[in-house]
Amino acid sequence: MPERQDLAGRHILLGLSGGIASYKSAELVRELSRAGATVQVVMTEAAEHFITPVTMQALSNRPVVTSQWDAREPNNMAHINLTREADAMLIAPASADFIAKLVQGRADDLLSLACLARPIDRCPLLVAPAMNREMWAHPATQRNVRQLVADGATLLGPGAGDQACGEVGDGRMLEAVELCEAMIAFFQPKLLAGRRVLITAGPTFEPIDPVRGITNHSSGKMGFALARAAQEAGAQVTLVAGPVHLPTPRGVARLDVQTARQMQAAVLPLAPQHDVFIATAAVADWRPDTTADHKIKKQGDRRVPTLALTENPDILAAVAALPQRPYCVGFAAESEQLLQHASEKRLRKNIPLIVGNLGPATFGRDDNALLLVDENGHHDIPHADKLTLARALVGEIAGRLGQPHAPA
Ligand code: CTP
């Protein structure tokens, strides 16, 4: 599967102010380039104390600009030229001092000058703060950040954790991969702005005893891709996940559960507060009647234990039966006769849209193909990686919703 080029055709002006996190900006240039963007780096004098323009030039494949007096620009107006060709400006790292400067609209070096000179409606500003936790928590910084956001900037992070100074807390710059993902999300169309989306993902695990259980091969990848795609599209996303080894997509609220009954207990109270419910979880159909308190030991006489099973609740059908139900989307994992089984399942579960896929061909894989079935008929979303499919499905769902409710 070829790598997606989510930033193809985008030109990013990457500004570095002074901070130890500058080392992450080198990796960030690579991530942005790998995603298809072209990157023009601008550095403040302070940034040059932390990383050299040579490194940034080599990685971005373009000369780095550091001074508003750079005579290489034919018209000597780097701040105008750079910002007219950029699709977005990303300041990473953004120091406390640089943020303060932006808030005041000062322009005494090339980077702050460029921030002020950019056409606000055509060249959005994204800011990734990086500083010591006390500096971040200081009322002056917090006041400045609020003002910066009020002025239209998008804040990326900061993250929390170990800091270069040895302290632990808020103020770390996000990692290069996270910043690149945030940049990709920023450019996605906001088809679900103002919507709330609830998603189940992964398998469930139904314990037999403390060391064994019934589960399946679902990796959760499709549900996690949908959570990311819905979040990128501007939705507030809650993800209820069975036992999987996947990182939570940025900005998504996640609840971990193990069994089908836990999943249902998590989902049912949340469902009425959501506009859309997407059930991607491969819920175990049955669970052992009873769970042994201790490990079931082998019997000396080679007798095999018998497992009595009970049917699990159907979470999707239960949500679809709620009086205040969200728009419900089901998945049908089949091994044959996809259209027929998916159509029947849609009617049986009383849901407007079902997404069919051939289970054995998709479990654990990074790619898939989908068959959408609704009351008007069916159509395919052709074979692609799961995030591409998820974005297409988000578009399909958004197109089927009415106008967003006015906020209460
Ligand atoms: N589902 C659910 N709760 C269950 C079983 C399924 O919420 N106990 C949801 C799945 O998340 C999926 C849809 O129902 O969105 C269909 O799941 P699938 O396993 O394909 O169908 P089943 O209802 O289990 O039917 P069958 O096993 O007969 O194919």
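Predicted model: local features only at pLDDT ≥ 70, side-chain atom pairs only at ≥ 80, totals over all residues.
Which of the 15 residues around the ligand come nearest? They are Ala 279, Ala 281, Phe 331, Lys 345 and Lys 349.

Residues are numbered from 1 along each chain as its sequence is written, and side-chain values use heavy atoms, without hydrogens and water.

**Ligand contacts**

The table lists polar contacts, pairs of N or O atoms within 3.5 Å.

| Residue | Protein atom | Ligand atom | Distance |
|---|---|---|---|
| Ala 281 | polar backbone atom | oxygen | 2.7 Å |
| Ile 315 | backbone N or O | nitrogen | 3.0 Å |
| Lys 345 | side-chain N or O | oxygen | 2.6 Å |

Taken alone, the ligand exposes 570 Å², and the protein buries 79% of that. Accessible areas come from the Shrake-Rupley method with a 1.4 Å probe.

Elements giving two or more residues to the shell are α11 (315–320), β16 (327–334) and α12 (338–349). Strand β16 gives the largest share, 4 residues. Helices (H or I, at least four residues) and strands (E, at least two) are DSSP runs, numbered from the N terminus.

**Helix packing**

Helix α4 (residues 96–104) packs on helix α7 (residues 139–150) at about 50 degrees, with axes 9 Å apart. Axes are lines fitted to C-alpha atoms over the stretch in contact, and angles run from 0 to 180 degrees between N-to-C directions.

Definitions and conventions: Near = heavy atom within 4 Å. Polar contact = N/O pair within 3.5 Å; in protein donor to acceptor, adjacent residues only side chain to side chain.
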